[in-house]
Amino acid sequence: MSRNPSLTQTPMPVQDPALRARNFDEVALGYSAALAVEEAGRCLDCRQAPCIAGCPVGVRIPDFIRQVAARDFAAAFDTITQSNSLPAVCGRVCPQETQCEARCVRGIKGEPVAIGRLERFVADHHRETVGARPEPVPANGHRVAVVGAGPTGLSCAADLAKLGYSVTIFEAFHTGGGVLVYGIPEFRLPESIVRDEIANLEALGVRLETNMVIGRVLTVDELLDDFGYEAVYLGTGAGLPTFLGIEGENLIGVYSANEYLTRSNLMHAHDERYDTPIRRSHSVAVIGGGNVAMDAARTALRLGAAEVTIVYRRSFEEMPARIEEIHHACEEGVRFENLASPTRILGDERGQVQRLGCLRMELGEPDASGRRRPVEIPHSDFELEVDTVIVAIGTSPNPLIRNTTAGLETNPRGCIVAAADGSTSRPGVFAGGDVVTGSATVILAMGAGKKAAAAIDAYIRGKTEPKDCSEN
Amino acid sequence: MYQILSKRALNEQVTMMEIEAPLIAKKARPGQFIIFRVDEFGERVPLTVAATDPERGAVTIIFQAVGLATKKLQQLEAGDAILDFVGPLGRPSDLDGARRAVVIGGGVGNAIAYPSARYLHEHGAEVDVIAGFRSRDLVILEEELAAASTRLYITTDDGSYGEAGFVTDKLRALLDAGNQYDLAIAIGPVPMMKFVSRLTREYHLRTLVSLNPIMVDGTGMCGGCRVLVGGETRFACVDGPEFDGHQVDFDDLMLRNRSYLEQEQEDHTCRLQQAVQNHGGKA
């Protein structure tokens, strides 16, 4: 084991941009064992370990990195999975640059340790070489229902299963994974990785019931009253797309990013063996500046569009997408039309999208979010010639559960109101992830699932174990 | 997997199937729909629930084989199974309080109108059904509709059965003859629903229509099924599929339903041939 004094991260091999812009294979190829050991050598193993506090699920980062440096990859895997049930996913899609890596001491002078890449290596190495599934723990006789098989539901289910709970996840789609399979594209997070992580949960004893839309086929109350679940965790995400409300939004060729990505990812429209159609576009405008907008733009390129333009109201500086994603999109040839706001979509006589009308913007005073507010520049109209417009300006929680669960408090944005431990206005009903926070990140949702699992455990123990009466 | 319990051809193009799905059979109400996927490669396609048998755990669907998914489904037989069947989705029809209703069905839309007619009839309403078809050989559910109505009027465009003419002709005749209704339900091709709604508006008759836009998930996630109702964007899957016919922008719906038409026409022939070859043994 040797210290690596390099100020910069060990680069991770990636597919050549020109090549990858036309295929759906994974962009980042991951570290080899040698590269991982080299990068692990950059960790100072500092005592205060600020990185851990930056991790929403509290992975013991210096411990696992020390184990990687010592080439004890099996121990490193155990260390990570004690805190994180989806390491191969998180190693790929977590915004480490604002979390663990943002706090890394090595980042003060130079680049932080590439914690995310190391996490990914450990998970991939385990899957590819060992492949052993976790063993179920003895059942404690209590049953919990989890609604939604996305990041927060999977994380909550894993922690509960490890405590001996018998957990059933109810998923509306025909497959588990939530946004990991319908939203994040194959080239960033291969579906096989998600499948494998879910198979690990099933090995722990978690049951996954697909095609179950809770709020329709069964209500939360039925799960609690008729099906014998002692607690319910709601992790139904924020899946309802927001539209712009501008002229021409119903023309043929206007998609929500959710629809576009769901067709390509979940329904495999990019693979000709599958029946689901998707538009064959020549020139695409994607509206928005988040990760979802980058995913949609890069998907459009891979589906064969000759020109893809991101239209964003502010500048690169305010763009909410991860820097790495913006960088990858640029490399692949996505154009950026920043400081531009769409005003209307124009179609031809057959109702097909033909042009996107925009106005130039400039940045004014900071708004409530702290970002400088875009202000219209008068008479600055311009048009983009496009045949497809993808709207990626955000999502809000699905109303199905709040409309069918009496007494469940929600806020004016439609989010379920939950305390830090996930408890809601209804006893026995917990919630976390995007359905509580609005659209956020995979790892924050996973952190919420973890906290809720602990709270659900305490709740069920409190109900079933003999109480200490002296407290009353 | 969801087993096909029975299969019956209602005419050359329309097939009725019972699918084993006990939870859905218990929950589905008139107006709600399911989404099916035949196999791993299939599309997710919505179909309105035509009937349920909670005792046997059966959900009846009636469909016309028009697209790839419905053609794949049609090739299966009782005893076969499909990969996915999810529901009930959408809001149930708002039928309560109606005392005298006229239910208008067009073509395979009669299959969707049938459960509403039956529900109204069973709940003591007087129900006139106008069932329109292009010609005699396309008539479906005649017995069922007769049993679910006070009076059944069948019309055919070519006059080969029942009364000659469109459903709107018959509806206007009934209204002009002084029939007073408190609810109209119109389900069928979009132009039919458009013209029925235009007619009933003259008579200030509350009219429900069931919309069939393109859909992927059916739970409010994709927004592909957005329709303009009263000038506002609504999602047919969670806000509908039934809406006030006097508020719906039918032209917008017709436009959006053509989204993949040209592309499909290019692809379809070869893909269909392939699908038929793959399932050839069963067909």
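This is a predicted model: local features need pLDDT of at least 70, side-chain atom pairs count only at pLDDT 80 or more; totals for chains, interfaces and linings use all residues.
**View 1**
Helix α2(A) spans residues 33-40, and its buried residues are Ala36(A), Val37(A), Glu39(A) and Ala40(A). Seen down the axis of α2(A), these buried residues fall within an arc of 165 degrees, so they line one face of the helix.

**View 2. Packing of helices α4 and α5 of chain A.**
Two packed helices are described by the angle between their axes and the distance between the axes. For α4(A) and α5(A), the axes come within 8 Å and cross at roughly 165 degrees. An angle over 145 degrees counts as roughly antiparallel, and α4(A) and α5(A) are therefore roughly antiparallel to each other. Their crossing is left-handed. On the α4(A) side, the residues in contact are Asp63(A), Phe64(A), Gln67(A) and Val68(A). They meet Phe73(A), Ala75(A), Ala76(A), Thr79(A) and Ile80(A) of α5(A). The loop between α4 and α5 of chain A holds Arg71(A). Arg71(A) is not a glycine, yet has a positive phi of about 60 degrees. Most residues other than glycine have a negative phi.

**View 3. The open five-stranded sheet of chain A.**
The strand order is β3-β2-β1-β4-β16, and the pairing is parallel. Strands β3 (207-209) and β16 (429-431) of chain A stand at the edges with a single partner strand each, so one side of each is left without a neighbour in the sheet. On average, neighbouring strands of this sheet are turned by 20 degrees against each other, direction ignored.

Strands β11(A) (residues 353-366) and β12(A) (residues 372-376) pair in the antiparallel sense over four bridges. Pro366(A) stands opposite Arg372(A) of β12(A). His379(A) has a positive phi of about 55 degrees although it is not a glycine. With a relative accessible area of 79%, His379(A) is exposed.

**View 4. The open seven-stranded sheet of chain B.**
The strand order is β11-β10-β9-β8-β12-β13-β16, with mixed pairing. At the edges are β11 (163-164) and β16 (242-244) of chain B, each of which pairs on one side only. Strand β10(B) (residues 151-156) pairs with β11(B) in the parallel sense over two bridges. The bridge partner of Thr156(B) in β11(B) is Ala164(B). Helix α6(B) lies across β8 (100-106), β12 (183-187) and β13 (207-210) of chain B. Its run is at about 160 degrees to β12(B).

**View 5. Packing of helices α5 and α6 of chain B.**
Helix α5(B) covers residues 167-176 and helix α6(B) covers residues 190-202. Their axes come within 10 Å and cross at roughly 15 degrees. That makes α5(B) roughly parallel to α6(B). The crossing of these two helices is right-handed. From α5(B), the contact involves Val167(B), Thr168(B), Leu171(B), Arg172(B) and Leu175(B). Their counterparts in α6(B) are Met192(B), Phe195(B), Val196(B), Leu199(B), Thr200(B) and Glu202(B).

**View 6. Cis peptide bonds at Pro88(B) and Pro241(B).**
Most peptide bonds are trans. The bond from Gly87(B) to Pro88(B) is cis, with omega near -5 degrees. Pro88(B) lies in strand β7(B), residues 84-89. The bond from Gly240(B) to Pro241(B) is also cis, with omega near 10 degrees. Pro241(B) lies in the loop between α7 (236-239) and β16 of chain B.

Conventions: Residues are numbered from 1 along each chain as its sequence is written. Chains are lettered from A and ligands numbered from 1 in the order in which they are written. Side-chain values use heavy atoms; hydrogens and water are left out. Two strands pair if DSSP finds at least two bridges between them. Buried means under 20% relative accessible area, exposed over 50%, partly exposed in between (1.4 Å probe, protein chains only). The arc is that of the directions from the helix axis to the C-beta atoms. Axes are lines fitted to C-alpha atoms, for helices over the stretch in contact, and angles run from 0 to 180 degrees between N-to-C directions. Angles under 35 degrees count as roughly parallel, over 145 as roughly antiparallel, 65 to 115 as roughly perpendicular and the rest as oblique. A crossing is left-handed if the near helix is turned anticlockwise from the far one by less than a right angle, and right-handed if clockwise. Contact means heavy atoms within 4.5 Å.
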